[in-house]
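I opened my notebook for this one and wrote down each thing as I looked it up. Come along and check the entries against the viewer.

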Amino acid sequence: MSRGACGAWRLKVKSQLDNLGRVRDFVSGQVLPDDLPGDGAGEFLLAVDEAVSNVMMHGAPSGDADIEVQFTRDPAALSVFIRDDAPLYDPTKVEGPGVIDSPLERSEPGGFGLVLIRRLVDELSYRVTEDGRNELVLVKKRA
Amino acid sequence: MSNPLRIAVSEERGDVPVTILHLTGDLDSKTYTDLESKADEALTKGSSRILLDLKGVTFMGSAGLRAMHSISKKLKSGSGGATLKLASPSDAVSRVLKTLGFDQVFDVYGTLDEALKSY
């Protein structure tokens, strides 16, 4: 873990599911008790876990990609930037199940991760960085 | 702090036999297959009713829901046609269930005793 010049905190891990717990520990260690109201801290942690899990399971399942998780705090919101050098992929363009009518009748039980992310954060955006990496940004407003 | 997933298995011999899987730790994208495997072992041994004791789950992601979904479908397709029941969900479990509306889909009970009495 390192601290950047602008006060942002970063964690770099390989795209391996063994590192998921480290990512959660990193994020939960950055969120202060009064940062978010109600269950906001738990919701934000869950959303970040889902986003990083997607990269590890689908973006770079071979485990050789590098994932960088950057946490920033400002008076209005907490943000997590997830950058990886897996093949370019924009998850914000994926249409997930909107209304889940009969969840147990779905033949394929996966696909809920993106739904969770969209419901738990206030803003979700994607871009390709100048050095050609995926960057997904999750924003949770503080009030 | 993240916590490794542990699953203990017990059998309740009441009016009907129930296999209880007691989960503690993090149920995430790495560990959800452990839950599926434990449930598969129980089904292979002839269990037709499976109850998950979830009070010790410290983190759960959508992969945990994926495992529950899978177990539920296997139980329903079995000869007993049983439903998966969930007992004493922790905050981490409730967060996922409620956000996706699965608290209205699964049979969820506040305590293990309440769940066992429902059989």
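**Entry 1: a tyrosine in a loop**

I started with A:Tyr89, which has 16 other C-beta atoms within 10 Å and is therefore partly exposed. This is a predicted model, so I kept that in mind for every entry below. I found A:Tyr89 in the loop between β4 (77–84) and α3 of chain A. Setting aside residues up to four places away in sequence, I noted that A:Tyr89 touches A:Gly59 and A:Asn134. I also looked up A:Leu136: its C-alpha lies 9.9 Å from that of A:Tyr89, although 47 residues separate the two in sequence.

**Entry 2: chain A as a whole**

Next I zoomed out to chain A. I listed three helices and six strands there. Following the sequence, I wrote the order down as β-β-α-α-β-β-α-β-β. I then checked burial, and 30% of the 143 residues of chain A count as buried. For contacts in chain A with a separation of 6 or more, I noted that 64% join residues 24 or more positions apart.

**Entry 3: the core**

Which residues touch the most other members of the largest nonpolar core? I looked through its 62 residues and came back with A:Ala47, A:Val48 and A:Val52. The largest share of this core comes from α2(A), which gives nine residues. Apart from neighbours within four places in sequence, A:Val48 is in contact with A:Val23, A:Val27, A:Val80 and A:Leu138.

**Entry 4: chain B as a whole**

I listed four helices and five strands, and from the N terminus on they run β-β-α-β-α-β-α-β-α. Along the principal axes, the C-alpha atoms of chain B fill a box of roughly 40 × 25 × 20 Å. For burial I wrote down 45% of the 119 residues of chain B. Of the contacts in chain B with a separation of 6 or more, 67% are between residues 24 or more positions apart.

**Entry 5: where the chains meet**

Then I turned to the contact between the chains. I noted 26 residues from chain A and 23 residues from chain B. On the chain A side, the elements that give two or more residues are α1 (20–30), α2 and α3 of chain A. Which element gives the largest share of the side of chain A that touches chain B? I found that it is α2(A), with eight residues. By class, I sorted the residues of that side into 13 nonpolar, five polar and eight charged.

**Entry 6: two helices across the interface**

I wanted one helix pair in detail. Two packed helices are described by the angle between their axes and the distance between the axes, so I looked up both values. Helix α3 (residues 113–120) of chain A packs against helix α3 (residues 91–100) of chain B at an angle of about 90°, and their axes are 10 Å apart. The angle makes α3(A) roughly perpendicular to α3(B). From α3(A), the contact is made by A:Val115, A:Leu116, A:Arg119 and A:Leu120, and from α3(B) by B:Val96, B:Thr99 and B:Leu100. I classed the residues of this contact as five nonpolar, one polar and one charged.

Just after α3(B), I noted a positive phi of about 80° at B:Gly101.

Is B:Leu112 buried or partly exposed? I counted 17 C-beta neighbours inside 10 Å, so B:Leu112 is partly exposed. Leaving out neighbours within four places in sequence, B:Leu112 is in contact with B:Asp53, B:Ala87 and B:Ser88. I also looked up B:Lys85, 27 residues from B:Leu112 along the chain, and the C-alpha atoms of the two are separated by 10.0 Å.

Methods. Residues numbered from 1 in each chain as written. Chains lettered and ligands numbered in written order. Predicted model: local features only at pLDDT ≥ 70, side-chain atom pairs only at ≥ 80, totals over all residues. Buried ≥ 20, exposed ≤ 12 C-beta atoms within 10 Å, placed from the backbone. Contact = placed C-beta atoms within 7 Å. Axes fitted to C-alpha atoms, helices over the stretch in contact; angles between N-to-C directions. Parallel < 35°, antiparallel > 145°, perpendicular 65-115°, else oblique. Nonpolar A, V, L, I, M, F, W, Y, C, P; charged D, E, K, R; others polar. Core = buried A, V, L, I, M, F, W, Y, C linked by C-beta atoms within 7 Å.
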